[in-house]
Amino acid sequence: MINLYLSPSCTSCRKARSWLDSYGVAYEEHNILTQPMTSDDLKAILSKTENGTEDIISTRSKVFQKLNIDVDDLTINQLIVLISEHPSLLRRPIIMDDKRMQIGFNEDEIRAFLPRSYRQAELRDVMSSGA
């Protein structure tokens, strides 16, 4: 099952939701502002990052700038508490399943969440049209 972590006012989040809907991809939506992420959710996300907090924390967010902290100085538990208290620190959307995670909306990368059979059929169509 795909989990889509978003905030409704986020343009990229709306694009991701719309894209998943248009391809009929089933997902579970989580509004991070009204449904705080659990410690397990955050640990799962952190475990899939390539660069740790750098991948998931929005350093351009007003909240981050106002807090004036160095997230690299925090323990995992302190980071989880901080994100729980300030969910808008997270870059959005966060799209993940058991194997993959994408942060932000990128139309090329989100295709990885399409079922393999759909991607294979798409590839056959492209190959047969000589593109």
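Biologist: What share of the 131 residues in the protein is buried?

Modeller: This is a predicted model, in which local features need pLDDT of at least 70, side-chain atom pairs count only at pLDDT 80 or more, and totals for chains, interfaces and linings use all residues. Residues are numbered from 1 along each chain as its sequence is written, and side-chain values use heavy atoms, leaving out hydrogens and water. Taking buried as under 20% relative accessible area, exposed as over 50% and partly exposed as in between (1.4 Å probe, protein chains only), the buried share of the 131 residues is 36%.

Biologist: In what order do the elements of the protein run from the N terminus on?

Modeller: Helices (H or I, at least four residues) and strands (E, at least two) are DSSP runs numbered from the N terminus. The protein has seven helices and four strands. Their order is β-α-β-α-α-α-α-β-β-α-α.

Biologist: Which strands stand at the edges of the sheet?

Modeller: Two strands pair if DSSP finds at least two bridges between them. The four strands form an open, mixed sheet in the order β2-β1-β3-β4. Because each edge strand has a single partner, one side of it is left without a neighbour in the sheet; the edge strands are β2 (27–31) and β4 (101–103).

Biologist: Which residue of β2 is the bridge partner of N3?

Modeller: Strand β1 covers residues 2–6 and pairs with β2 in the parallel sense over five bridges. In β2, the bridge partner of N3 is E28.

Biologist: At about what angle does helix α2 run to β3?

Modeller: Axes are lines fitted to C-alpha atoms, for helices over the stretch in contact (heavy atoms within 4.5 Å), and angles run from 0 to 180 degrees between N-to-C directions. Helix α1 (residues 11–22) touches β1, β2 and β3 (94–96), with its direction at about 155° to that of β1. Helix α2 (residues 39–47) lies across β1, β3 and β4, and its angle to β3 is about 80°.

Biologist: Is I2 buried or exposed?

Modeller: I2 is found in strand β1. Leaving aside residues up to four places away in sequence, I2 touches V25, A26, Y27, E28, I95, M96, D97 and F113. At 7% relative accessibility, I2 counts as buried.

Biologist: What is the volume of the largest cavity?

Modeller: On a 1 Å grid over the protein atoms alone, a cavity is a set of points where a 1.4 Å probe fits but cannot get out, a pocket is an open set with protein on both sides within 12 Å along at least five of seven lines, and lining residues have an atom within 4 Å of a point. Grid points are joined across faces, edges and corners, and a volume is the space filled by probe spheres set on the points. There is one cavity of 30 Å³ or more, lined by I32, P36, M37, L42, I83, S84, P87 and L90. The volume of the largest cavity is about 30 Å³.

Biologist: Which element gives the largest share of the lining of the largest pocket?

Modeller: The largest pocket has a volume of about 250 Å³, and its lining includes R100, M101, Q102 and I103. Counting Ala, Val, Leu, Ile, Met, Phe, Trp, Tyr, Cys and Pro as nonpolar, Asp, Glu, Lys and Arg as charged, and the others, Gly among them, as polar, this lining divides into four nonpolar, two polar and six charged residues. The largest share, three residues, comes from β4.
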